[in-house]
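Have the sequence and the 3D structure open side by side. The paragraphs below go through a few places in turn.

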Amino acid sequence: MLSPRASRLRDWALFAAAASVPAICVGVLGLRAVSNEADGARREVALGLAAASDRLSRAIDQETDRAAAALAALPIDAGPPEAAAAALAGIAPPFAAPVLLAPDRSVLLPPQAAPPPAPEPAGCAALARAAAAPDAQARAGARRDFLARCAEARSPAGRWLWPVLALDAAADGAVDQGAVAAWLEAHAAGLSEAERKATAIEVDAALSGEPRGRARAALAAPRPERDALVAELRRGGLDAALRAPPDARGLASFRAGASAGTLRALPDGRSAGFVIHAGSLAGWLRGDARPLPPDVRADVRADVVAGADVAGRSPAGPELGGAPAALLPIAPGLAVRLSPADPAAVERHAARGKRLLVGVGAAATALALGLAALLFARMRAARRSSELRTDFVAAVSHELRTPIASVRMLAELLEEGRLAPEEHREVFDALGREARRLGDTVERLLGFSRMMAGRAAAERAPARVAEAVAASIDTFEERNPEMPRVARDLDPAAEASIDAGQIQLAVDNLLANALKYAPLAAPYRVRVARERGGVAIAVEDRGPGVARRDQRRIFEPFERADDRLSRAVSGSGIGLSLVRHVARAHGGTARVYSEPGRGAAFTLWIPGPPGPEGPKEQTP
C-alpha cells in the first residue's frame, strides 16, 4: 500500500510520462522531417552538379570535335613555326594548348621562353652507375664527380638525377645545403609532379633552416604552362599520340597520363594539333567563358582518376569532403571536380532547421506539459474534493449518529419503564445534553452552508470582545467538566465592531478543535489582546502541533492535517473553515502559529472600532 506522498509521486510520474510521449514523438518526426529535407537538398545539389557536369562534358566534346574538324581541313605547309602557330591558335579549343612538334619530337610550340638547358656532359651515365657501386670509396668518388659535372643529367625515363644524389649527400654533410636549394630554384619548373612530391619529402629529411625554406618555396611554385605541357608529353602522352593510328582524316587522338589531345602528321615530319592538360583546362575554367553556373565551383584534379572509364565520362561522382561533388574525367590522370561554390550552405540550412525545430519543439513541449499539468491538477483537485466530500458526509453522519443513538436509547428506556424514579432526572439531563449536542452540530453545518453560499451576514455592533469570548469559554467548561479549567488572558478594554454570536461560534470551534487533537495538552489558554490596531483572539494548546506544509491548507473546507493523528480523530473538516469565514466577515484574518511537537496557537484577528463614519452593520 503506497503512502499518500508516494501515491502523488507515482501519479505525477505517470502524468509526465504520458505527457512526454506525444512531445517526443513529435520531436522525432520533426527531426526526421528536417533530416529528409537536408537529404533532399543534398540530392538537389547533386543533381544540379550532375547536370552541370553533363553540360561541361558536352561543351568539351563539341569544342574538341569542332577543333578536330578544323585541324583536318587546315592547310599547314612546311613554313616557319610562327605561321603554324598562328594557324593552330585560331582553331584550338579554349581549354587546350596548340602544339607543334619537330620531327625529333621536341616541342616547337608553345615556344620556349628561356634558353634550352646546357647539354648533358659525356660520361654522366657511367658516373651515375658508379655512384651506386658496392664499394664505398668508389661510390663516394663517383658521387662527388657526378655532383660537380652532371647538374643537367637525366635518367633514360627522363627523371632528374642530380637532386637525388645531392640530397643524399646533403644529409651526410658532403654537399652544401645552399647549393642544393639553388639548384632546385633553377630547375623546379622542369620537375614533374611526381618528382616534386618525392623531392619535397627528401628536402624535409635532408635540409634545414634557410635552405629548406628556399627549397620548399621553389617546389611549391607553379610550373610554367609550357614546362607542364612538356612534362606531361614526356610522361607518356607524346608516345601515345605518335603510336595512335590516324583516322580517315589523318588525325590521331590520344588520352594518356594527365593529358589528352589530337595531332596531325605534316608532310615535313612535324606534328601539329592541340593538347588538353591541367594548366590549359584550369585557365579556361577560371575565365568567364566556362559553361557553368556561378554557384558551381570547378577544380582541376590531376592523378585522382587513374583507371576511370574515360570513354563513358560518367558524371556521377562521390561526395568528397562531406559535400556533394561530381567528377568529370578528361584523361586517366586528369579530371574536373565540380562542387557547390558554398559547400556549407546545405549544412547551414539543415542546422537552421534543426535549431528552429528544437525551439518550436521545446516551446510546444512546455506548452503541452503546462496544459497537461493544469488539467492534471484540476483532475486531482476534483478527485480530492470528491474524497473530502465523501469523508465529510461520513464524519457528519458519525457526529449525528452518536447523539441520535444516545437519544434513542434513553427514550426507549423511558418508554419501556425500565428506570427507577430516582434515575429519571439523570436521564432527562442526558437527553438535554445530547439534544444540545445534536442541535450544535446541525447549527454548525447550517452556518457553514450559509457562509459557503455567501448568504451569512455579520450583524456587527461595537462590543467588548472579552465578554463574547468568556461566554464561549464558560460553555466549553460546562460541556467538559472533566477537563481542567481554561487559562484566561482577556483584555476587558479590547473593543471592536463584532457579531458576538459568530465570534462565539469561532471560539467554540477552536476550543473543540483543541480538545480533539490535543486532549492531553490541557489546560488550554485563551487570550484576547489589542494588536496592530485591532483585536486578536488566540486559542493555544500544547499538543502535537501542525506541520508547516499543512498550516494554510487546514483552513480550506473539508481539509485536515495529513497525518496519523488526524486520521484517527473523527471530524468533518469544516471547523477551521468556519473560523476563517468569521474572520473574513469581520474584515480580519485567521492564521496558526505552530511547530511540530510544541503546540499550536490559532489566532483570529479583527479590526478595531470603526471611525467617525460609523460601523458597518451588514458585512458579508
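This is a predicted model: local features need pLDDT of at least 70, side-chain atom pairs count only at pLDDT 80 or more; totals for chains, interfaces and linings use all residues.

Residues are numbered from 1 along each chain as its sequence is written, and side-chain values use heavy atoms, with hydrogens and water left out.

Begin with helix α5 (residues 162-172) and helix α6 (residues 177-187), whose axes come within 10 Å and cross at roughly 155°. Axes here are lines fitted to C-alpha atoms over the stretch in contact, with angles from 0 to 180 degrees between N-to-C directions. Angles over 145 degrees count as roughly antiparallel, and α5 and α6 are therefore roughly antiparallel to each other. On the α5 side, the contact (heavy atoms within 4.5 Å) involves W162, P163, A166, L167 and A170. On the α6 side, Q177, A179, V180, W183 and L184 take part.

Next, look at helix α14, residues 500-517. At 1.5 Å a residue, its 18 residues should span 26 Å, and the end C-alpha atoms are 26 Å apart, which agrees. The expected span is 1.5 Å times one less than the number of residues. At the start of α14, a side-chain oxygen of D499 lies within 3.1 Å of the backbone nitrogen of G501. The buried residues of α14 (under 20% relative accessible area) include I503, A506, L510 and Y517.

Finally, R532 sits in the loop between β13 (525-531) and β14 (534-541). Most residues other than glycine have a negative phi. Phi of R532 is positive, near 50°. R532 is exposed (over 50%), with a relative accessible area of 57%.

Note on methods. Helices (H or I, at least four residues) and strands (E, at least two) are DSSP runs, numbered from the N terminus. Buried means under 20% relative accessible area, exposed over 50%, partly exposed in between (1.4 Å probe, protein chains only). A polar contact is a pair of N or O atoms within 3.5 Å; within protein, one must be able to donate a hydrogen and the other to accept it, and residues adjacent in sequence count only if both atoms are side-chain atoms. Angles under 35 degrees count as roughly parallel, over 145 as roughly antiparallel, 65 to 115 as roughly perpendicular and the rest as oblique.
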